[in-house]
Amino acid sequence: MPSVQEATALFDLEKANKDFKGEDIHIDPIFPPGAGNCTWTKNVRGEREAQIVFFLNGCPYWYEKDDKTVFHAVRLVRRQ
(Lines give C-alpha, C1' and ligand atoms only; values in the text may rest on other atoms or scores of the structure.)
Protein backbone atom coordinates (compact mmCIF):
# COMPACT_ATOMS: atom_id res chain seq x y z
CA MET A 1 0.00 0.00 0.00
CA PRO A 2 1.20 3.53 -0.63
CA SER A 3 2.50 5.92 2.00
CA VAL A 4 0.55 9.14 2.32
CA GLN A 5 3.33 10.88 0.36
CA GLU A 6 3.11 8.35 -2.48
CA ALA A 7 -0.70 8.62 -2.62
CA THR A 8 -0.60 12.42 -2.53
CA ALA A 9 1.86 12.35 -5.44
CA LEU A 10 -0.85 10.65 -7.58
CA PHE A 11 -3.11 13.70 -7.15
CA ASP A 12 -2.82 16.18 -10.03
CA LEU A 13 -5.25 19.08 -10.24
CA GLU A 14 -4.62 19.35 -14.00
CA LYS A 15 -5.64 15.72 -14.63
CA ALA A 16 -9.21 14.46 -14.84
CA ASN A 17 -10.66 11.01 -14.36
CA LYS A 18 -14.00 9.61 -13.15
CA ASP A 19 -14.70 7.75 -9.93
CA PHE A 20 -17.26 4.95 -9.43
CA LYS A 21 -20.05 7.54 -9.13
CA GLY A 22 -19.05 9.27 -12.39
CA GLU A 23 -17.68 12.26 -10.47
CA ASP A 24 -14.46 14.01 -11.42
CA ILE A 25 -11.33 13.09 -9.52
CA HIS A 26 -7.84 14.45 -10.09
CA ILE A 27 -5.74 11.46 -10.95
CA ASP A 28 -4.05 10.61 -14.23
CA PRO A 29 -6.36 9.00 -16.82
CA ILE A 30 -3.74 6.27 -17.21
CA PHE A 31 -5.72 4.72 -14.34
CA PRO A 32 -8.98 3.13 -15.51
CA PRO A 33 -12.09 5.19 -14.71
CA GLY A 34 -14.65 3.94 -12.24
CA ALA A 35 -12.42 3.34 -9.24
CA GLY A 36 -12.65 4.83 -5.77
CA ASN A 37 -12.27 8.56 -5.19
CA CYS A 38 -9.56 7.97 -2.59
CA THR A 39 -6.99 5.43 -1.49
CA TRP A 40 -6.07 3.92 1.83
CA THR A 41 -2.44 4.38 2.81
CA LYS A 42 -0.11 2.39 5.03
CA ASN A 43 -0.01 5.28 7.52
CA VAL A 44 -1.72 4.33 10.76
CA ARG A 45 -2.45 6.05 14.05
CA GLY A 46 -2.82 3.64 16.91
CA GLU A 47 -4.66 0.42 16.19
CA ARG A 48 -7.95 1.91 15.00
CA GLU A 49 -7.14 4.59 12.42
CA ALA A 50 -5.56 4.68 8.98
CA GLN A 51 -4.96 7.60 6.67
CA ILE A 52 -6.59 8.01 3.26
CA VAL A 53 -5.97 10.51 0.46
CA PHE A 54 -8.92 11.92 -1.48
CA PHE A 55 -8.43 12.48 -5.19
CA LEU A 56 -11.11 15.17 -5.12
CA ASN A 57 -8.85 17.62 -3.29
CA GLY A 58 -5.55 15.81 -2.67
CA CYS A 59 -5.93 16.02 1.11
CA PRO A 60 -5.18 13.23 3.59
CA TYR A 61 -7.74 12.34 6.28
CA TRP A 62 -7.81 9.89 9.18
CA TYR A 63 -10.56 7.23 9.23
CA GLU A 64 -11.35 4.38 11.57
CA LYS A 65 -10.35 1.14 9.91
CA ASP A 66 -13.66 -0.55 10.70
CA ASP A 67 -15.94 2.34 9.59
CA LYS A 68 -18.69 0.62 7.56
CA THR A 69 -20.41 3.88 6.52
CA VAL A 70 -17.90 4.82 3.81
CA PHE A 71 -16.42 3.03 0.83
CA HIS A 72 -12.74 3.52 0.16
CA ALA A 73 -10.38 1.90 -2.31
CA VAL A 74 -6.71 1.06 -2.35
CA ARG A 75 -4.21 1.62 -5.11
CA LEU A 76 -1.17 -0.55 -4.80
CA VAL A 77 2.22 0.92 -5.62
CA ARG A 78 5.62 -0.41 -6.50
CA ARG A 79 8.97 1.25 -6.59
CA GLN A 80 10.70 1.69 -9.92
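Close-up 1. Glu64 sits in strand β5, which spans residues 60-64. Strands (E, at least two residues) and helices (H or I, at least four) are DSSP runs, numbered from the N terminus. The model is predicted: local features need pLDDT of at least 70, side-chain atom pairs count only at pLDDT 80 or more, and totals for chains, interfaces and linings use all residues. Residues are numbered from 1 along each chain as its sequence is written, and side-chain values use heavy atoms, with hydrogens and water left out.

Glu64 is partly exposed, at a relative accessible area of 34%. Buried means under 20% relative accessible area, exposed over 50%, and partly exposed in between (1.4 Å probe, protein chains only). Setting aside residues up to four places away in sequence, Glu64 touches Trp40, Arg48 and Glu49. Contact here means heavy atoms within 4.5 Å.

The side chains of Glu64 and Arg48 form a salt bridge, 2.7 Å from N to O. The term requires a side-chain nitrogen of Lys or Arg within 4 Å of a carboxyl oxygen of Asp or Glu. This pair links distant parts of the chain: Glu64 lies in strand β5 and Arg48 in the loop between β3 and β4 (49-54), 16 residues apart. Arg48 is exposed, with a relative accessible area of 53%. The two side chains also make a polar contact at 2.7 Å. A polar contact is a pair of N or O atoms within 3.5 Å; within protein, one must be able to donate a hydrogen and the other to accept it, and residues adjacent in sequence count only if both atoms are side-chain atoms.

Close-up 2. The structure holds four salt bridges. Side chains of opposite charge can pair when their charged atoms come close. Asp28 pairs with Lys15, the closest N and O atoms being 3.4 Å apart. Here too, distant parts of the chain are linked: Asp28 is in the loop between β2 and β3, Lys15 in the loop between α1 and β1 (17-18), 13 residues apart. Asp28 is partly exposed at 26%. Lys15 is partly exposed at 31%.

Lys18 forms a salt bridge with Asp24, and the closest N and O atoms are 2.6 Å apart. Lys18 counts as partly exposed, at 39% relative accessibility. Asp24 is partly exposed as well, at 45%.

**Close-up 3. Thr41, a buried residue in strand β3.** Thr41 belongs to strand β3. Its relative accessible area is 1%, so Thr41 counts as buried. Beyond residues up to four places away in sequence, Thr41 touches Met1, Pro2, Ser3, Val4, Ala7, Gln51, Ile52 and Val53. Thr41 and Glu6 are 35 residues apart in sequence, yet their C-alpha atoms are 8.6 Å apart in space.

The Thr41 side chain also meets backbone atoms. It reaches the backbone oxygen of Gln51 at 2.7 Å. A polar atom of the Thr41 side chain lies 3.2 Å from the backbone nitrogen of Asn43.

**Close-up 4. His26 in the loop between β2 and β3.** The loop holding His26 runs between β2 (24-25) and β3 (38-45). His26 counts as buried, at 18% relative accessibility. Neighbours within four places in sequence aside, His26 is in contact with Leu10, Phe11, Asp12, Leu13, Lys15, Phe55 and Leu56.

**Close-up 5. Cys38 and Cys59.** The structure holds zero disulfides. A disulfide is a pair of cysteine sulfur atoms within 2.5 Å. For Cys38, the nearest cysteine sulfur is that of Cys59, 13 Å away. Cys38 is buried, at 1% relative accessibility. Cys59 is partly exposed, with a relative accessible area of 32%.

Close-up 6. Met1, Val74 and Leu76 make a nonpolar surface patch of about 310 Å². Patches are made of residues with over 30% relative accessible area and no salt bridge: like charges are joined within 9 Å, nonpolar side chains (Val, Leu, Ile, Met, Phe, Trp, Tyr) within 5 Å. Accessible areas come from the Shrake-Rupley method with a 1.4 Å probe; for residues, only the protein chains shown count as cover. Met1 lies in the segment before α1 (4-10). Met1 is partly exposed, with a relative accessible area of 48%.
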